[in-house]
Amino acid sequence: MNINELNDDCLKIVLSFIPFGELLADRRVCKDWQQVIDDYLSHVIHFAYNPSFNGNDGKSDVNLPRFGRYLQLMPKLTSFSVTGVQPLDPMIKILVAKCANITRLYMKGVYEVVSITVKGIEQLVTAYPALTHLDVPNCDVNDRMIEIVATRLTRLVRFNFGTDWELHNDYRLGAGFTGQTLRYISATTKSLMIGESEGNDQTVIESLMAGPARQHVLALKIHLNELKHLSTICDQMPQLREFYCNFDGGDISGDVNNIGCVSHVQKLQNLEVLEVSDDGRNHCYSGCYSLYTLRSLTHAISGLSRLKVLRLLDHDNWHLNKESIDPLLGQLKRYCPDLTEFGVSAGLFDLKAKSYRLIGELNLPVVTIQDDRIPNGWYDDIETHYVSNDDVVDLLKATTNMRRFRVENCSEIDKEAVKACLEVLATRSRRRIELILVNTTDEIEEIRAEFTVPPNVSLVFM
Amino acid sequence: MADNADHIDGDDNEDVRAQQNLIKIKLKSSEGGIYECGLTAAKMSDLVKNMVESLGTDAVVTTEPIILGNEAVTDAALKKIIEWVEFHWDDPPVDHDFEDEKDRRNEELSHWDKQFIDVDDQALLFDVIAAANYMDIKGLVEVGAKHICSKIRGKSCQEVREMLKITNDFTAEEEDAIHKENAWIYAKD
């Protein structure tokens with residue numbers, strides 16, 4: 001068979017994997033291709049725009065005429081995402097003019113610039129009243145924008161704002177956000193992801209509890225500076241299936257009196273995904289104590305019989321007092337039969353060799369191990385057990401069920417660990433297992449070609 | 001996220017899938033060859049899956065082979081396809097939590113898939129893709145598509161034609177006109 005004997009649908013699928021710029025050039029190959037490519041483009045429903053489309057060597061500034069031309073080729077788009085391009089407002093103006101049927105929108109701009117304005121949001125909701133998904137993860141959304149989105153998008157299923165600033169210092173929502181319009185979020189919204197703001201916890205929680213979201217949201221992401229609000233959420237929103245809760249280690253280290261609030265998590269009996277992460281960043285250079293919360297969380301596990309995913313993560317931090325995680329692992333084994341994924345940061349907890357063995361005993365298909373991003377030696381006065389080669393390999397040996405193993409920020413492990421992991425995985429009968437190394441040392445990545453990767457393993461560096 | 005709840009719940013549990021794959025069913029190519037394939041593996045084909053579901057597993061196991069009548073399903077193509085589904089049927093579930101990362105990772109095929117799909121015989125390659133498309137095995141069509149794209153990437157139109165044995169049916173004027181239409185793509189502004 002020749003490529004042009006493939007039927008049009010099939011040829012379309014093949015061509016859809018060609019990068020955009022080249023695809024347009026390939027219209028010149030032959031008449032069949034021209035027709036199929038034009039037809040393909042006119043039916044494309046999802047387009048992901050990134051700086052490489054700008055034609056200016058990957059700079060973030062959008063080239064508006066070009067942007068318009070791309071969209072012109074794809075009038076049937078229903079889903080559009082843009083990442084790392086700015087400014088967003090003029091892009092919205094062109095988007096609404098060219099594409100009438102967008103229902104899903106993901107817009108992540110460039111963090112230093114005012115990314116989106118009330119006018120931009122107005123244009124969006126006017127053009128797309130049937131929008132179901134709106135993600136503006138690093139946009140400085142204010143109260144008015146939330147009100148517009150909540151009251152005029154009557155089919156909105158997911159709203160995500162201000163939750164992803166890529167560890168930049170100015171990562172909080174600005175002064176225009178108090179949270180008081182969250183009460184307008186309607187009953188259709190099942191997934192609500194709220195970014196961090198400074199000192200507005202009280203208003204955010206009150207407003208959330210006063211509106212339909214309290215009863216109807218099933219997946220909630222929120223950042224808290226005070227633990228007492230955690231108990232309000234747990235008491236009032238027992239329907240939650242997914243709960244992503246960020247804390248700020250620096251802020252809650254003074255909140256010792258409210259540690260008991262964490263035990264309210266056990267009321268979330270429908271919970272399937274729980275992510276507790278420490279988001280403390282630049283203002284946390286003195287050690288903090290955020291995981292005073294651990295003991296209460298250990299207790300709360302007994303109520304979470306439907307839990308499938310538990311992640312206890314840390315973004316970039318250093319902790320003075322670390323507690324042992326072993327009791328919590330015991331609870332998971334006892335109370336959570338459906339658990340399939342566990343992620344933990346050694347930057348947050350006191351993980352000893354025994355802890356890794358206990359995690360191994362859970363025998364979960366998906367495991368993430370993080371280490372502190374503060375490299376060894378920065379704080380010589382603190383005794384820390386960094387994730388070692390043996391820890392990683394022992395855990396993997398015990399986890400015969402492993403499908404995806406992520407090892408993040410581990411500065412102490414070296415190529416011997418990678419080799420040993422690959423050897424262990426080569427003996428497994430599973431046909432595909434992913435070993436994912438994130439922020440590993442340069443040395444390991446440089447010699448990646450030297451590793452003997454067994455055919456059942458995908459070795460991924462990120 | 002909540003709207004992905006269906007995916008999170010996933011398929012039957014893994015043990016059941018493993019057990020079911022011990023059950024062998026017969027698939028018949030358009031050239032008449034009959035080949036055995038594990039049930040779970042064969043059900044990666046939506047076409048086969050639908051047949052099994054409407055006929056019932058017992059019927060499929062005990063009676064005549066499932067006939068795959070499309071001419072692309074040659075003996076050689078069907079053998080390749082069975083090799084692929086028998087390798088992939090217990091793939092890890094799709095990772096929905098890291099959407100951004102997925103884009104980066106998707107760029108390359110796994111080692112196994114690369115070796116599997118890099119066949120010298122171009123006719124066989126397109127038979128496999130067409131047959132996989134007919135049998136509705138999305139993952140395999142994608143592997144084929146990515147492989148072809150990796151070959152096309154960075155090549156001129158003429159090189160693409162030569163590689164894929166495509167005849168240029170444009171006149172010089174027509175080709176020039178398209179080149180002009182596309183000019184904005186190459187312009188650096």
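Predicted model: local features only at pLDDT ≥ 70, side-chain atom pairs only at ≥ 80, totals over all residues.
1. Which residues of helix 3 of chain A are buried? They are Trp33(A), Val36(A), Ile37(A) and Leu41(A). An α-helix has 3.6 residues a turn, so residues three or four places apart point the same way.

2. Helix 3 of chain A runs over residues 31-43, 13 residues in total. From the first C-alpha to the last, the helix reaches 18 Å. That is close to the 18 Å expected at 1.5 Å a residue.

3. Now chain A as a whole. The chain holds 17 helices and 15 strands. Of its 462 residues, 58% count as buried. Take the contacts in chain A between residues at least 6 apart in sequence: 77% of these join residues at least 24 apart. The accessible surface of chain A is about 17800 Å², and 47% of that belongs to carbon and sulfur atoms.

4. Look next at the bond from Gln86(A) to Pro87(A). This peptide bond is cis, with omega near -10 degrees. Most peptide bonds are trans. Where is Pro87(A) found? Pro87(A) lies in the loop between strand 2 (79-83) and helix 5 (88-98) of chain A.

5. Chain B has two loop residues to check for phi. Asp136(B) is not a glycine, yet its phi is positive, near 60 degrees. Its place is the loop between helix 9 and helix 10 of chain B. Lys165(B), also not a glycine, has a positive phi of about 55 degrees. Lys165(B) is in the loop between helix 11 and helix 12 (172-181) of chain B. Most residues other than glycine have a negative phi.

6. Are these two buried or exposed? Asp136(B) has 32% relative accessibility, so it counts as partly exposed. Lys165(B) has 57%, so it counts as exposed.

7. Asp121(B) sits in the loop between helix 8 (111-117) and helix 9 (122-135) of chain B. At 42% relative accessibility, Asp121(B) counts as partly exposed. Its side chain reaches the backbone nitrogen of Ala123(B) at 3.1 Å.

8. Last, an annotation. An unreviewed UniProt entry gives "domain: SKP1 component POZ" for residues 24-88 of chain B. Over those residues the chain is 52% helix and 18% strand. The end C-alpha atoms are 16 Å apart.

Notes: Residues numbered from 1 in each chain as written. Chains lettered and ligands numbered in written order. Heavy atoms only, no water. UniProt positions renumbered as here; feature names shortened; annotations may be inferred. Helix = DSSP H or I, 4+ residues; strand = E, 2+ residues; numbered from the N terminus. Buried < 20%, exposed > 50% of the residue type's maximum accessible area, 1.4 Å probe, protein only. Contact = heavy atoms within 4.5 Å. Areas by Shrake-Rupley, 256 points an atom, 1.4 Å probe, with all protein chains shown as cover. Expected span 1.5 Å × (residues − 1). Polar contact = N/O pair within 3.5 Å; in protein donor to acceptor, adjacent residues only side chain to side chain.
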